[in-house]
Each structure stands twice: as structure tokens, then as C-alpha cells.
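Please read them with the sequence and the coordinates open beside you.

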Amino acid sequence: MHIDRVYIDGFKRLTNFTVELNDRLNIIVGDNETGKTSVLEAITLVLTRQYDGRTIDYAIDPYIFNATTVAEYFARRRRNEQAPPPRVLIEAYFHDEPTEPALAKLKGGNNTKNENCPGLELRIDVDPDHVESLKEYAADNSNPVVIPVEFYRVTWRSFASNGVTLRDLPFRAATIDTSLARVYRGPNKYLAQVVNDVLTESQRRQLSLAYKKLRHGFSQEPGVTAINDHLEQQGNRATNKKLTIQMDMSSRSSWDNAITAHLDELPFDCAGKGEQCRVQIRLAIAGAEQSQVLLIEEPENHLSHSNLNKLINDISNDCADRQVILTTHSAFVLNKLGIDNLRLISHSGNTASLTGLAPDTKDYFMKLPGYDTLRLLLSKRSILVEGPSDELVVQRAYKDKHGKLPLEHGVDVISVGALAFKRFLEIAELLNLDVGVVTDNDGDIAALQAKYAGYLNGENSKIRIFYDSDKLYPTLEPQLLKANSRQTLNTILGKKYADDATLLKDMSGNKTDCALKMFETTETWKTPEYIANAIE
Amino acid sequence: MPSSENKIIIACAGSGKTTRLVTEALANRDRRIAFVTYTNNNIREIIKRFSELNSGVPKHVDVVTWFGFLLRECARPYQRSKYAEKRIESLLFVNGQSAKYIKETDTKRHYFANGELIYSDKIAKFVVECENRSSQRVTARLRQIYTDVFIDEFQDLAGWDLEFAKMLLQSGIRVMLVGDPRQHIYSTNPSSKNKQYLGIEIVKLLEIWKKDGLCTLEPMSGTHRCNAAICEYANALWPGMDAMKSLGNDTTDHDGVFLVAENAVNDYIKRHSPQVLRYDKRAATYGCEALNFGLAKGLEFGRVLIVPTGPIKKYLQSGTLSHVKASRDKLHVAVTRARHSVAFVFDGQSPIVPTRFSP
């Protein structure tokens, strides 16, 4: 079982939003406030009816609804106009497996995309009995612009339009949330989750029976029978029925309140957060039911680099045959797990993926996961440069021209090194990202033009290559000298070189120091033309 | 290509058809079976039988009601191919024809009350329409879920239900229909569609289906319940049908079919303690708990005492079948409830029941 796509409408900031998923690993990446976490929450909701660790029916809060939609609804009602009440709709479209009858029960054509496939729909909409109350409430100016959730109800149905319960579903979804943001309710929340995710139904029954037996045994203990005999005699005064003490055998004292998980004899909750995370994820991966969908939120939280590395190996080795949906803020995680599994969410609510990425580019980043691919993915515009000195010079030039550092305009200057340029550009081209490359000509214009052949005419993409075609100025330092007098540079660098050659030699020998001074100086200097073009 | 694996079993009263279906379901654990029947009483009966033979309904069998099956597995999944305005929330049970004067073209009002409750007499028609308009997706989906559909009490199907049954017979799913056309009591569907096949006439349709290669027909004529004399009386009601044959041979001091004079009824009840059966509540019950003919369906008693209606009296008097044309099914049900004896409260003479109870 796997999910082909998820449609989300009216949930938090996601409206009319679709994310396509593959049957293995999906890495959801997006800037803050794009709704990464909401995507995961929505998927959990539609697969389990759970939100924030509770059944959604008891956890509807007004902030689940899309704020814009809500504001617009109230505004229209206050102008006494008719408007559709805000609602949340989440649909999970499953891949149709002809050999899975239990999945076929969820099949039908009742979905937004009019597809004929198995699927689930979760709706939070106004209860038909309360439509009028909601309309009146929203029209009344004295009420706050907040959805009165009392008028809302949850329905959970299959694409066959029949109500479903967890028991009807032939699969399970396990959510692993490693962020600190959510505090677990109750000390054994973790255990309950382990039990749900890892144990089979018959194992759960066994556990429950063993616990009952244990409790029953308590009242057979000689010490306890003696006490009960005593009570029976004494109790006569209070009641004419037989008074004894027993362990509570009712369902409200079930085993999950009395049993807790231990790691090396230490209660689980006392273990380090990092260890908790890792164990939690490992357990879910090793879960008894194979047909699981695994949802992982930001696995990099609480983990040291080496533990993260181990965990990522676990995920890529052991999840080969199941669907994993994961969010991350870490380029390392993205690169290591395969950048081709990316699902990029933009601020405008679109999603993009890297279908068609050359396998060797994916391998390149897997082997060299330190590259900051995420920065390229998340910035409005990127300028790729060869190294830290180019980065500093470009930043300063940008500030001189626009009055602010590039990042304040959403422009990221990323130093990637000449060898990785083309790898980055391949990603940028597939995602139609706005990218400029600032590169040395290294004294060989023909070689440079051959290397960037696909990008030079600039017709097909937002990628531009900026270089100076004078091979006498092969790198940054000669270019700085070309644009500025020796005197200017001497002043900035605090030197007194009498000829260009020694100045250049010093600059090239201390690239970063030199660039830092260029960056920090209060002097004005002229930007080399190819860089000036890149920061237009 | 129609499947010759489909089977229609014409099972007489007391033939053990429910047991047969349950046994068949239990013997085929590699298949996935929808076990469909009309009333909640039948559902209980089937579940009880599964409990006796298997300590419960096994995982590969879903026991569902006729309308539940139609609504959940047939009408809703592709309802949008016919009607997309609102979800079909539920059924509205109607006696007689719903929305009689609303044309088919007005889908919303022809099929639905309130736009969301589908009329019970039209749901099968709606399903057939969905099937046709969705390139057979309804049956394609069912094929993914079930290998077999068992339908119990098929004699209660009428109107568009029969078209739906035919759709299933052609779907590639193995269909088994079991029932007794002589015990037609309820109708799932009072529509004018297929009204020539109502009641016993359904046999003609079964023959057509057989001829078209849609199914094979198999009689189950042996009854474990009724003795030979009762079978003989019941068979006389149905010339041309496969005769019921008694398989039991335990005897009592009072076996067969009898007449009881009005003034001897109390003595008879005292002597033999029969279950009193009546056509409806207008009939006298002689101080006993009486059951209507219809409600007695599916039940079994050692002895029954039947309070005859006017037409049944005429039939007793003359032996002419045309008198019970309208009530023949119910009379048949009443008679075939008994293992040992059937008695009619009747003062006159009867060519078909010669023996009179004498106190």
C-alpha cells in the first residue's frame, strides 16, 4: 500500500494544495511557514483521524482552518452576503493494487480529482444542523473573527463514500515526531505508541492477558488472602456483603497504565532525547506490520551528526519496501537520503520534485552530503560562487548597489566550488530556479563556454552565467585589480605595493584575508563588471 | 463471457439451504464472499449458523443486508457518474412506488427524497445506471473485493433488483442465488419493471438466464422438516414445480393434514398444542399466541393450526387452485412450517383434506 498523492484544502495555510508522492522515500522540504509540518499533520489526520496525538473530534481548534478563508467568510457574512462556510478537506489517493481486496473496499470515485482509486477523505465541516447558527454567528459584528468549532463535525470516509473506522483500514501509519514542540501527554504515551506501531494484534492481546493474570494472582497471594479474611470479619460492621480488596480488573486499569518501556534498565523517558528519537524511529522501522506508512518529522532534531548519520543509514537500508514521508531542515539529510526524493513546497503553495535528475548527480550529493543544496532550493534567487572570497566580494558589491545584504532580499550567495556548479545547475534547471553563476574564466574562455554550453544563451531557463571574457584576468583578484587602481587596493588592504605583480601575488596568496578586507572596508571600490551584472 | 459457475438453487422449505450456503462458505476459505440476505432476521439466522459450525463468521465472509450491500458497495462508490450533487446519505424505505409522477430525467427527484435519501425501490435501478455510465466500474470494484456473492432468499427480488442480479451474473464474480419461489412474501421492489416475473413467475426468468448461459439451475427438493402428507398437500399448490420430498421418517400419533371443526378447536389445542398461524391480525386466535403467516417464514414447529381466510376456505372446499391465486405463497409458507401435522379450522367437507379431527 502506498499513497500516490494527497490533496489538502483549507487546512492551516494549505489551500487547494496537492503533493505527489512516490512509493518509497519522500523528503518534504520547504522554507519556514510554507506548511511542511502541516502536510505531515494532514497526512496523519487523513490516515488515522488523529491530530496532535488525539482523535481530531476532540481536538478541533479554530486555527486548523485556513485563516484567509475564515477572514473572508466573516467579512462576506458581515456584508450580509452568502458565502460557503470554511471547511477542511484532506484526501489521500492510494495506489490501486488489484490484489488487495481490503484496499478495494476503499475504492470509488468520490474525490475532488474524480479519480477511480482507493482513498480516504477527512472532512471538518459545519454540521448541517448548525449551518444557520454559524451564518448568524459570523454575521454578528460583536463576535470575534474565530471559527466557532462547536458548530463543526468530523467525517471520515473512503472514496466509496462509506464511513470508515481504523479497523477497516488494511494498513497503519506511524508518526514519529522528534521535535520538542509537542509535549507528550502522560508518561506512557511513548509506550502506547510503540505498542500501536510495533506489536501485532495478537501480541497486544497476549500482553493484556498476561497482565490480567498477574493482577488476578495478586489476590491469591497468602499475604493478601490473610488481609481479606481479616477484612471479611471486620467488614461485617459496615456491610452485610463480603468485603475484600482486589486489583482493579476493570478496563480502566489496563496494562498500558502500569507498564513502561526501559532502555538498559532505565525508564525510557529518562534516556537522552537523542537516544529516544533514534529508538523510536528504529522501532517504527522494524514495526511488525509491513504495510505501514512511516511519517517522520525532522529526524535531525536532538541528534548529533554521527547519530544522525546512523539513523539515515537505518532509514535508507530498512525502509526500502515501504513508503516514508519525511520533513527536514537539513541539507545533510536531504543529500544523504537522495536529493531525487525531494518534494519542494514553495511559499505560493506549489510543489515540485526532481524527476529526471541524473543518477550520478544524486550519487554526487549522497557522497558529498555537506553541500548546502537546501539553500539553493529555498532562496528566491541564488548566486553561486567559487569560494568564500568570491562570496564576500559579491555580498559587498550587492550591498553597495542595493543598500542591503543580499539575504535580506531573499538572495543567497552560496559558495559551491567550480566542480559542483553543474550539479547545482542541474537541480536549478529541473526546478526552474532563479540562479546566477559567478565564475572565473581561468584563462580558457573556450573551455568555460564548452562547460556551460547549455546555459549561455539563457533562453530556456532562469540560469545565467557571469564571467569576464578577457583571459588575461583569469580569477577574482586580477579582476578586482582590473576594475580598481593599485592605489585603491593598497589603501583597502593596508599595503604599499609599488607594482601590480607583487600586489596580485599577495592577494592571491591570502585570498580570504584580502576578500574580508574588501568586504569590511569603508573605502569605496568598483565592482568588476561580470559581478556587477550578476547583482543587477 | 457469462460465467457458467453461477448457480441458482431452488430450495424447498426445510431443505437446509442456509446450512448449505454456510457450509459452502466455510469450505472455500481461499475465496472472499459477500453473503447477502434480505432481512435482519435472516442475518441473525446466518450468523447463528456460522457460530454453530465455525464459532463465528470467518474473515473471508461478509454477512450484509441486501440494501446495505446495494448502498455501500454498489450505489455510493460511483454515484457521481449518475448524481454528484449530494452524497447519498441513506435509504428511504417506501411501500409501493416512490415519486411516481417524476420523470427519470429528473435524477434528483426521481431517485431521491431530499436529494440525499435514495428510494428503496429505485436503488437497484440507480446502481445499474451507475454501472453503465461508469464503464462497468461498479462490478470491476466488486470483483477486486469479492470472488463470490451469495444471495439468500432470491424469491424476494423483484423489479430492478432482478436487473441488478443479472448484472452480477454477468460480472465475472461467482454468484450463487438461493431461494424458494413458492415462499415469496416480501418484495424488495414494487416497481413495474419485470412485474411479469413476480412471485412464482420468477422461475420463468431463471429459465431464460439458464438458456442464455448465465447460470445453472439446481433443485434442492428434499425436506428435512415436513412429512410426506404435508409435502403432498404443499405440492398440490404448485403443479409444474419440482415436488418436495420428505427426507424425515420419525412418526407421532398424529401425523398429516387435518380439518378441525370450529367447536372442536379448544379440544384440539389442548390435545396437540399446535402453533396457531393466521393470515393477519383480523383472524380469531382461540386464546393462543398466534403468528402471522409472513412472520412465520424461516421458523419451524412440530404442529401448526391454520386459521384460514375466505379464499383458503374456498380452496379447501373445492380443491380449485384459482381461489388462492393471491395467497398461495403465504399458505405454502404456513403449511410447510410443520414437521408432523397441519390442521385447518374448517367446518365443511374438503376433497383435498379428507381427515377430520374428532375429539
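1. In chain B, strand β15 (residues 301-307) and strand β16 (residues 338-345) run parallel and are joined by five bridges; strands are said to pair where DSSP finds at least two bridges between them. Within this pairing, B:Phe301 stands opposite B:Ala338 in β16(B). Helices and strands are taken throughout as DSSP runs numbered from the N terminus, helices being H or I with at least four residues and strands E with at least two.

2. Residues are numbered from 1 along each chain as its sequence is written, while chains are lettered from A and ligands numbered from 1 in the order in which they are written.

3. The open sheet of chain B has five strands in the order β12-β16-β15-β13-β14, with parallel pairing. Its edge strands, β12 (256-260) and β14 (290-292) of chain B, each pair on one side only. Neighbouring strands of this sheet are turned by 30° against each other on average, direction ignored. Helix α9 (residues 228-236) of chain B lies across β12 and β16 of chain B, and runs at about 75° to β12(B); axes here are lines fitted to C-alpha atoms, for helices over the stretch in contact, with angles from 0 to 180 degrees between N-to-C directions.

4. In chain A, the axes of helix α13 (residues 388-402) and helix α19 (residues 511-520) come within 8 Å and cross at roughly 10°. That makes α13(A) roughly parallel to α19(A), a label given to angles under 35 degrees. Among the residues that make the contact are A:Leu392 and A:Val393 of α13(A) and A:Leu516 and A:Phe519 of α19(A), where contact means that C-beta atoms, placed from the backbone, lie within 7 Å. The contact residues divide into eight nonpolar, three polar and two charged; Ala, Val, Leu, Ile, Met, Phe, Trp, Tyr, Cys and Pro count as nonpolar, Asp, Glu, Lys and Arg as charged, and the others, Gly among them, as polar.

5. Between the chains, the contact takes 13 residues from chain B and 12 residues from chain A. On the side of chain B that touches chain A, helix α6 (residues 137-145) of chain B gives the most, with four residues. The residues of that side divide into three nonpolar, three polar and seven charged.

6. A:Ser161 lies in the loop between β9 (152-158) and β10 (172-177) of chain A, and is buried, with 22 other C-beta atoms within 10 Å. B:Asn194, in the loop between β8 (174-179) and α8 (202-211) of chain B, is partly exposed, with 19 other C-beta atoms within 10 Å. Buried requires 20 or more such atoms, exposed 12 or fewer, and partly exposed lies in between, with C-beta atoms placed from the backbone.

7. Chain A averages a pLDDT (the predictor's confidence in each residue, from 0 to 100) of 87, and 91% of the residues score at least 70. Over residues 180-188 of chain A the pLDDT is below 50, and beyond near neighbours in sequence this stretch has 10 contacts in the model. Where pLDDT is low, the predicted coordinates should not be read in detail.

Key. Predicted model: local features only at pLDDT ≥ 70, side-chain atom pairs only at ≥ 80, totals over all residues. Contact = placed C-beta atoms within 7 Å. Parallel < 35°, antiparallel > 145°, perpendicular 65-115°, else oblique.
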